[in-house]
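Visitor: I am new to this structure and would be grateful for a close look at a single part of it. Please describe that part in one connected account.

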Amino acid sequence: MTAMDDRPLDPRALISEVEGHLLIEATRAEGRAQAARFARSLAWLTDTQREEVEESYVDDYLELTRRSWERTARRGRELRAEYEATYRALRLRLCTAFLLGALVLALVTLTSVSAR
């Protein structure tokens with residue numbers, strides 16, 4: 001499979017894009033259902049007003065959801081950076097301990113050999 005410009009398609013990128021579209025459509029459906037429930041509670045609205053309220057509600061619902069997803073993604077990036085920094089620090093400590101242990105072992109070996 002290739003893209004329209006003859007570059008090979010990345011299956012993971014394609015799957016992520018499809019998942020994103022599916023997630024957005026599911027969120028739109030949720031927003032429409034919530035909007036319809038809300039508009040039904042306003043029995044005094046005309047049909048045109050009800051449609052306007054529902055459209056506005058769906059728009060607000062999608063915007064609120066988008067901001068929530070962005071905050072979640074940003075926090076995920078922050079946590080990843082924190083965990084990677086912790087991992088690097090632990091790896092450095094482990095390597096340092098290993099090297100010091102090897103150095104001590106070498107010194108002990110040299111000392112015992114030269115003491116004979």
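Guide: The cover over the buried residues of helix α1 includes helix α2 (47–115). Helices here are DSSP runs (H or I, at least four residues), as strands are (E, at least two), numbered from the N terminus. The model is a predicted one, in which local features need pLDDT of at least 70 and side-chain atom pairs count only at pLDDT 80 or more, while totals for chains, interfaces and linings use all residues. Residues are numbered from 1 along each chain as its sequence is written, and side-chain values use heavy atoms, with hydrogens and water left out.

Helix α1 comprises 30 residues, 11–40, and its first and last C-alpha atoms are 43 Å apart, close to the 44 Å expected at 1.5 Å a residue; the expected span is 1.5 Å times one less than the number of residues. Its buried residues are T27, G31, A35 and A39. Buried means under 20% relative accessible area, exposed over 50%, and partly exposed in between, with a 1.4 Å probe and protein chains only. In general, an α-helix has 3.6 residues a turn, so residues three or four places apart point the same way.

The two helices, α1 and α2, pack at an angle of about 135°, and their axes are 8 Å apart. Axes are lines fitted to C-alpha atoms, for helices over the stretch in contact, and angles run from 0 to 180 degrees between N-to-C directions. The angle therefore makes α1 oblique to α2, since angles under 35 degrees count as roughly parallel, over 145 as roughly antiparallel, 65 to 115 as roughly perpendicular and the rest as oblique.

On the α1 side, the contact (heavy atoms within 4.5 Å) involves T27, G31, A35 and A39, among others, and on the α2 side residues including R50, V58, T65 and W69. The contact residues divide into 12 nonpolar, four polar and five charged. Ala, Val, Leu, Ile, Met, Phe, Trp, Tyr, Cys and Pro count as nonpolar, Asp, Glu, Lys and Arg as charged, and the others, Gly among them, as polar.

T27 lies in α1 and counts as buried because its relative accessibility is 6%. Apart from neighbours within four places in sequence, T27 touches Y61, L62, T65 and W69.
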